[in-house]
Amino acid sequence: MSTVVLIGAQWGDEGKGKVTDFLAEKADLVVRYQGGNNAGHTVVVDDREFKLHLIPSGILYPEKICIIGSGVVIDPEVLIKELESLQRRGINTGNLKISQRAHVIFPYHRLLDQVEEGRKGENKIGTTCRGIGPAYMDKSARVGIRMVDLVDREVFAGLLERNMEGKNHLLTKVYDSEALDLNSVLGAYNSYAETLKKYLADVSIIINDATKQGKNVLFEGAQGTLLDLDHGTYPYVTSSHPTAGAACLGAGIGPTRIDRVIGVAKAYTTRVGEGPFPTELSDDVGTFIQNRGGEFGTTTGRPRRCGWFDGVVGRYAVRINGLDYLAITKLDVLSGLEKVKICTSYRYRGELMEEFPASLRVLKECVPVYEELPGWQEDITGARSLEDLPPAARNYLERIEEISGAPIALVGVGSRRSQTILTASIYD
Ligand code: IMP
């Protein structure tokens, strides 16, 4: 019985939804601990596709307890729509628990996200414009409103009035934008509170009790290591911590409770939004990967930038998250390529660089050093063990392990639950 943290080892969109869904089968609890509805997890169950933004992928199993931790920022309108859409499709949402301490996203957060991106012009971050950054800014500035405050009518009205006075001043005087109407926001959020209050709980108690009882707990990270506020390609990052350490804070458990950390990476690399991306491909291979992999954002529909697997990023993710294992997704997308490449290091102004640099100026100048490997032509979507894979695909995986420095526990060869090769035991 173990507690497992699953994180994205690249720039997000690594296919964590599918891996979480697969690992959730043996979990008792599935916990989201950071980010918000900037995330988009696509899960396919029996040919039915589900796109989840806030609710842990474990919800697709009727008996699992699914938790949204305090580190998540919640847009209640989006959460309610997601709940209703799942309920319409016959999914049991009765086992969802939401942290009382999670912060709430308001319309002024969304608006501020948009106007600030507009103001930045060419220097924009390329955010999802879901209000994520402004909501975390309020949390750090100690003026955020938490779920526990939202459902307390007396407290909530006062907090909202105070915040909206300041935000409307900012919107109209600084950004030359429209003011928002206090009463309509208050009315809408009071109604959201009525719908959501039955889900609220002190989730830290539930999670800690589960670990004491030896249950399997799966912590589901959103976004990826290189979008981490501290360790990502700052400032082209999100405003939370998609790295493994955040599971403790965002769930309300101590580091001693974590048994295993798994990093999910695609067999290649993708990125949405702005910022440097050394192995990006702007040729036919990039287009091939984009079309074959369906690389368009789940949340915004934006085309994802595509490139070769970056082993420098892989090593970095292993170090920052203390990865025990890698899970490699979408290996099938690379079938049909004559050659495949893995970036083993960068060349910066003539020097070989083995580690991921902190400076974006340096990263922009880094030229990937590639190892070229033979590709494979076979359709591998039916492979269920490593032995079913062509030798070239196995060799490719072995090189990813060696270059990144962590063994592979799972390989994805298609979007369905069953299209998964498990090579190590995840829960003891
Ligand atoms: P924000 O999280 O909306 O503030 O966006 C900040 C950056 O993170 C932008 O580059 C987004 O494209 C990126 N981002 C946020 N969420 C995701 C995700 O779930 N997958 C991939 N990129 C994301």
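A polar side-chain atom of Q223 lies 3.2 Å from a nitrogen atom of the ligand, a polar contact in the sense of two N or O atoms within 3.5 Å; within protein, one atom must be able to donate a hydrogen and the other to accept it, and residues adjacent in sequence count only if both atoms are side-chain atoms. This is a predicted model, in which local features need pLDDT of at least 70 and side-chain atom pairs count only at pLDDT 80 or more, while totals for chains, interfaces and linings use all residues. Residues are numbered from 1 along each chain as its sequence is written, and side-chain values use heavy atoms, without hydrogens and water.

The protein is assigned domain 1 (3-99 + 206-261), domain 2 (103-196) and domain 3 (265-422), with bounds from an automatic or database assignment. Between the C-alpha centres of domain 1 and domain 2 the distance is 23 Å. Their contact (heavy atoms within 4.5 Å) takes 24 residues from domain 1 and 19 residues from domain 2. About 1,700 Å² is buried between domain 1 and domain 2, 64% of it on carbon and sulfur atoms; buried area is the accessible area (1.4 Å probe) that two parts lose on being put together, summed over both.
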